[in-house]
Amino acid sequence: MLITKVAWVKEEKPVIKTFSEQDARQLLEYYDNKSYVSCRNRTIITMLFETGIRCKELLDMQPEDIKENYILIHGKNHKERLVSITLYISKCAIFRQPLFFVLALSYIKMYISLYGGGKAQK
């Protein structure tokens, strides 16, 4: 009987493809802020791009998590972290109108429950 020793093969980790600067700019410029829906969608995209948070973390965010200079993020495994508010975020409607922020989050939650997280429309 011949016994051979097999070394564990290291699996390749998938490389996560990110948006290029041009892609990000195109997404933000697509929404012109001339309608409620456009402003809402741009706000959501801005939050994701500027903070680097996960979609689930955005969904779990509450208005009281937004402080003057930072946002409290509730992450995986009940971990919490602070994310600085950038100049660009501070110019967005989120911080001028907390009600708008709550409405944007409500829309995301409703859309996911209805359509299972598919692609959103403009």
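R25 and E21 sit four residues apart in helix α1 (residues 21–30), about one turn of the helix from each other. Helices here are DSSP runs of H or I with at least four residues, strands are runs of E with at least two, and both are numbered from the N terminus. Welcome to a predicted model, in which local features need pLDDT of at least 70, side-chain atom pairs count only at pLDDT 80 or more, and totals for chains, interfaces and linings use all residues. Residues are numbered from 1 along each chain as its sequence is written, and side-chain values use heavy atoms, with hydrogens and water left out.

**Salt bridges within a helix**

- Side chains of opposite charge can pair when their charged atoms come close.
- A salt bridge here is a side-chain nitrogen of Lys or Arg within 4 Å of a carboxyl oxygen of Asp or Glu, and the count by this rule is four.
- R25 is partly exposed at 44% relative accessibility, while E21 is exposed at 60%; buried means under 20% relative accessible area, exposed over 50%, and partly exposed in between, using a 1.4 Å probe and protein chains only.
- K56 and D60 make another salt bridge, their closest N and O atoms lying 3.0 Å apart.
- This pair belongs to helix α3 (residues 55–60), where K56 and D60 are four residues apart, or about one helical turn.
- K56 is exposed, with a relative accessible area of 53%, and D60 is partly exposed, with 30%.

**A link between distant parts of the chain**

- E57 and R81 also meet through their side chains in a salt bridge, at 2.9 Å from N to O.
- Here the partners come from distant parts of the chain, with E57 in helix α3 and R81 in strand β2 (residues 80–84), 24 residues apart.
- E57 is buried, with a relative accessible area of 4%, whereas R81 is partly exposed at 33%.
- R54 joins E57 and R81 in one network, built from salt bridges that share partners.

**The nonpolar core**

- A nonpolar core is a set of buried Ala, Val, Leu, Ile, Met, Phe, Trp, Tyr and Cys residues joined through side-chain atoms within 4.5 Å.
- The largest such core has 13 residues, and those touching the most other members are M47, I53, L58, M61, I71 and I73.
- Two or more residues of this core come from each of α2 (36–51), α3 and β1 (70–74).
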